[in-house]
Amino acid sequence: MEEAIIDFVIAVILIIGFTYGLIRQFRHCVSIRKGNKSEYVHYKRALIGNYLVCLSYSGFLFSYILNSLLASRIIQASFITSDNTSFCSFSFLAILLIAKFRIIPKEDEQVELQEYIVEKEEI
């Protein structure tokens, strides 16, 4: 019984952490969107990549929550099974990693964009 409670607490802590990360990612997307697109070479690539990261992060979080609810037997497995939600979580996580490390421009270019955004906000 104690192990089940500990597992549930760990799952809830992970869900809270992932939710916080998703909120930060949304804020980052909004800050890129507010930046001036004409003066930044990789604006479209960064914006599309961050949109894809937000979408895949949301899908991963939703799948993870469903998987946790199925594992704790809060939701009965009928159409949605643990195998389906695990596969969806893995797929969304793979898309997130591809978007984060392949589509979004490298850190040097991101720093350039963030410095530009900060300069515009100060003015």
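Residues are numbered from 1 along each chain as its sequence is written. In this predicted model, local features need pLDDT of at least 70 and side-chain atom pairs count only at pLDDT 80 or more, while totals for chains, interfaces and linings use all residues, and side-chain values use heavy atoms, without hydrogens or water.

**Stop 1: α2.** Select residues 43-71. Helices are DSSP runs (H or I, at least four residues), numbered from the N terminus. α2 has 29 residues. From first C-alpha to last, α2 reaches 41 Å, close to the expected 42 Å (1.5 Å times one less than the number of residues). Just after α2, find arginine 73, with a positive phi of about 65°.

Stop 2: Select Phe8, Ala11, Val12, Ile15, Ile65, Ser68, Leu69, Ala71 and Ser72. A pocket is an open set of points on a 1 Å grid over the protein atoms alone, where a 1.4 Å probe fits, with protein on both sides within 12 Å along at least five of seven lines; lining residues have an atom within 4 Å of a point. α1 (2-34) and α2 each give two or more residues to this lining.
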